[in-house]
Amino acid sequence: MNLKVAGVLETCIYAGDIEAAEAFYRSVLGLDAFQKAPGRHVFFYCGPQAVFLVFNPEATAQPDMKLGVPSHGAAGPGHVTFSIREAEMAAWRERLGEEGVAVEKEVDWPGGGRSIYFRDPAGNSVEIASPRIWRLPEPS
């Protein structure tokens, strides 16, 4: 049997101030939180079959004894990319400006597609990009 994963189900970044992270991802990217534990984590649905998780690295350095989840975490800024429709790139740039989010870099990729990079309140590198940067189809 040739086993192969079906896709990415969840991805996460780390932020010391969970409330600031929740406010940022809700107001700037329009994500809706579906689960929160104050000071520990906030979870967002991201598309039809993916979840975006934000954890406080200090809280997750210890295993979750109730659920049996092993300890995990990261030090320093991480990176996440959210898929957008390329035709909406200008509208996203405008949205970032309205929210007071500084654009760190815009890239027109040689193979096609575009990206905009900016930082969240924890210093994580956030990118919004057309899936064409990886030669993938646009989201529906």
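**Charge pairs in a predicted model**

The mean positions of the 13 positive and 18 negative charges of the chain lie 5 Å apart. The model discussed here is predicted.

Visitor: What makes the chain as compact as a globular protein of its length?
Guide: The chain comprises three helices and eight strands. Its radius of gyration is 16 Å, close to the 14 Å that the globule rule gives for 140 residues, so the chain is as compact as a globular protein of that length.

Visitor: Why is the contact between E86 and R132 called a salt bridge?
Guide: The closest N and O atoms of E86 and R132 are 2.8 Å apart; the cut-off is 4 Å, and therefore the pair qualifies. E86 lies in the loop between strand 5 and helix 3, and R132 in the segment after strand 8, 46 residues apart.

Visitor: Why is R132 called partly exposed?
Guide: The relative accessible area of R132 is 40%. Buried requires under 20% and exposed over 50%, so R132 falls in between.

Visitor: Which residues are linked with R93 in a network of salt bridges?
Guide: R93, E106, D108 and R114 are linked in such a network. R93 in helix 3 and E106 in strand 6 are 13 residues apart, and their side chains meet at 3.0 Å, N to O. D108 and R114 meet at 2.7 Å.

Conventions
Residues numbered from 1 in each chain as written. Predicted model: local features only at pLDDT ≥ 70, side-chain atom pairs only at ≥ 80, totals over all residues. Heavy atoms only, no water. Helix = DSSP H or I, 4+ residues; strand = E, 2+ residues; numbered from the N terminus. Rg over C-alpha atoms; globule rule 2.2 N^0.38 Å. Lys, Arg positive; Asp, Glu negative; His and termini not counted. Charge placed at Lys NZ, Arg CZ, Asp CG, Glu CD. Buried < 20%, exposed > 50% of the residue type's maximum accessible area, 1.4 Å probe, protein only.
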